[in-house]
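Work through the exercises below with the model open beside you. Each task is followed by a stepwise solution.

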Amino acid sequence: MSDAEPTVTRRQDGAVAILTLSNPKRRNAFSPELRTALVGHLDAIAVDDAVRAILLTGAGGTFSAGGDLSTMQDMTAFEGRERIRAGRRMVEALWGSEKPIVAAVDGFAFGAGLSLALLADWIVAGEDASFCASFGKVGLMGDMGLFWTLPQRVKAGKARRMLMLADVVAADEALAIGLVEAVAPKGKAFEAALKQAGIMAAAAPLPNRLTREALGQFPAPLDDMLAYEAHGQGLLFTSQDTKEGLNAFFEKRRPVFRGA
Amino acid sequence: MTDTATVHVARDGAVAVLTIDNVKQRNALTMQVKAALVPALEEAQSNPDVRAIVITGAGGTFSAGGDVSLFGDMTPAKGRQVVFDQRKFLHLMIRGETPIVAAVEGFAFGAGFGVAMAADHVVAATSAKFCAAFNKIGLMPDGGLLWTLPQRVGMGRARDMLMCATVIEGAEAKRLGMVDMLTEPGKALETALAKAARFAAAAPLAVSAIKGAFARYPLDLEAAFALELDVQPALMQSQDATDARRAFFAKQKPVFKGA
């Protein structure tokens, strides 16, 4: 039955595109099929004006248990290299997205699943969620940008323990160390993520495109960021959305942003 | 010292206290305020008797942010220049040699939030509210927040605050690392002065070298080594380090002169 085939489904809720990882036989393990499907959706979303925010989640009560080991048997070094190169394309599609991304994590975000979650702007964990850079357990190192994304969220000591010892981090600890931004009661992570995605979708999109791009260059020297904010703000001051924002501010009402 | 209508300058021992006073606009950073901050910071930093600076706001609030009355009539070039000009006081705060403590009551919004985050140490009342409010009027963060905030709260929290204009109150701000000390309402300045006195008593040459190193964030390993190599030998030769070694062996408290 096609339900059991590894894929990523897309549906729309208001201005939020919901992408669901689905590989039910293997706890949404990340396979080349999933990657191809995810990149396809992200490419379509990038040019779809009806989408203002993206929600990334996993089917069946778990996010993703990591890379699909069954697809890594008998891989040559160059096949492995090709796989990492293809992974990079997906990382770039997420990291370079001009639309904000929220991740809802129930169950496991292990290995590549952790890497994928960390490419989101905002992560909500269900209280049963656990996070682990489990690569070392199968003799591998972290990938999909983990050496870059993880230390941006957690401090150096913890990043080393997670990457070198495959420490498993439960939801409450993940919140305390800055790995996730919120914890939701069991079964409520998706709801919380959808609410946050709605907030992001209602925010003015043009400044957030520039903010996302600037933060994507982190870490950068002070003057690079001061130049970025000046150039960006100069453009934004003349946008329709800033006019609307100022009118709403003076009229004491909520602004409606169009992305223009 | 230059005491203007919008930025008052006072002294408390070795601490200069800069108070933004534009209460009618909740201490909004008008062109006048921004222009007044520059000489106030320059004079405090060039005065050898000033070893620490406290920056605060009058009337129970820190600063509501930019002067929105100017924003309706901008061209890209003018807007860019207005934001670029903030570099003058941000450079003085971040790259200057004197440690700065921010005392925050009430609102630290928009560029006012930026001023608070540009300080070395932040004292806030439990009732203080922080918000990168820019997105609410279709703008992106400025006031150096793209640089300062992720260093203090990590990238996940920074993205939430910068992209969703989330309001963060005192206790949460302390938990996240945006605020270093929390006080009851009305006590932020008093606590900041006490903390600033501790910064003032620390060895000034070393403190300014450390502040200078943080200003160059992100430092890669080679650059960090180079900085140590360039600066530490000079500090070792300073009068303060010589006196401190003598005081250490005599089991006395050193008194640093900044020489």
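**Exercise 1. Domains of chain A**

Solution. 
- Step 1. Five residues from domain 1 of chain A and six residues from domain 2 of chain A make the contact. Two residues are in contact if their C-beta atoms, placed from the backbone, lie within 7 Å.
- Step 2. Sort the side of domain 1 of chain A that touches domain 2 of chain A: two nonpolar, one polar and two charged residues. Ala, Val, Leu, Ile, Met, Phe, Trp, Tyr, Cys and Pro count as nonpolar; Asp, Glu, Lys and Arg count as charged; the others, Gly among them, count as polar.

A note on the source: this is a predicted model, where local features need pLDDT of at least 70, side-chain atom pairs count only at pLDDT 80 or more, and totals for chains, interfaces and linings use all residues. Residues are numbered from 1 along each chain as its sequence is written, while chains are lettered from A and ligands numbered from 1 in the order in which they are written.

**Exercise 2. Domains of chain B**

Solution. 
- Step 1. Eight residues of domain 1 of chain B contact six residues of domain 2 of chain B.
- Step 2. On the side of domain 1 of chain B that touches domain 2 of chain B, the classes are three nonpolar, one polar and four charged.

**Exercise 3. The sheet of chain A**

Task: give the strand order in the sheet of chain A and find the edges.

Solution. 
- Step 1. Six strands of chain A form an open sheet in the order 1-2-3-4-6-9, with mixed pairing. Strands (E, at least two residues) and helices (H or I, at least four) are DSSP runs, numbered from the N terminus. Two strands pair if DSSP finds at least two bridges between them.
- Step 2. Strand 1 (7–13) and strand 9 (182–184) of chain A are the edges; each has a single partner strand, so one side of each lacks a neighbour in the sheet.
- Step 3. From one strand to the next, the twist averages 20°. Axes are lines fitted to C-alpha atoms, for helices over the stretch in contact, and angles run from 0 to 180 degrees between N-to-C directions.
- Step 4. Strand 4 (residues 101–105) and strand 6 (residues 122–126) of chain A pair in the parallel sense over four bridges. Here A:Ala103 stands opposite A:Ile123.

**Exercise 4. A hairpin in chain B**

Task: describe how strand 1 and strand 2 of chain B are joined.

Solution. 
- Step 1. Strand 1 (residues 7–12) and strand 2 (residues 15–20) of chain B pair in the antiparallel sense over six bridges.
- Step 2. B:Asp12 stands opposite B:Val15, and the bridge partner of B:Val9 is B:Leu18.
- Step 3. The two strands of chain B form a hairpin with two residues between them. In the turn, B:Gly13 has a positive phi of about 60°.

**Exercise 5. Where the chains meet**

Task: which helix of chain B gives the most to the side that touches chain A?

Solution. 
- Step 1. 39 residues of chain B are in contact with 44 residues of chain A.
- Step 2. Helix 2 (76–84), helix 3 (87–95) and helix 5 (145–164) of chain B each supply at least two residues of that side.
- Step 3. Helix 5 of chain B gives the most, with 12 residues.
- Step 4. The side of chain B that touches chain A has 24 nonpolar, eight polar and seven charged residues.
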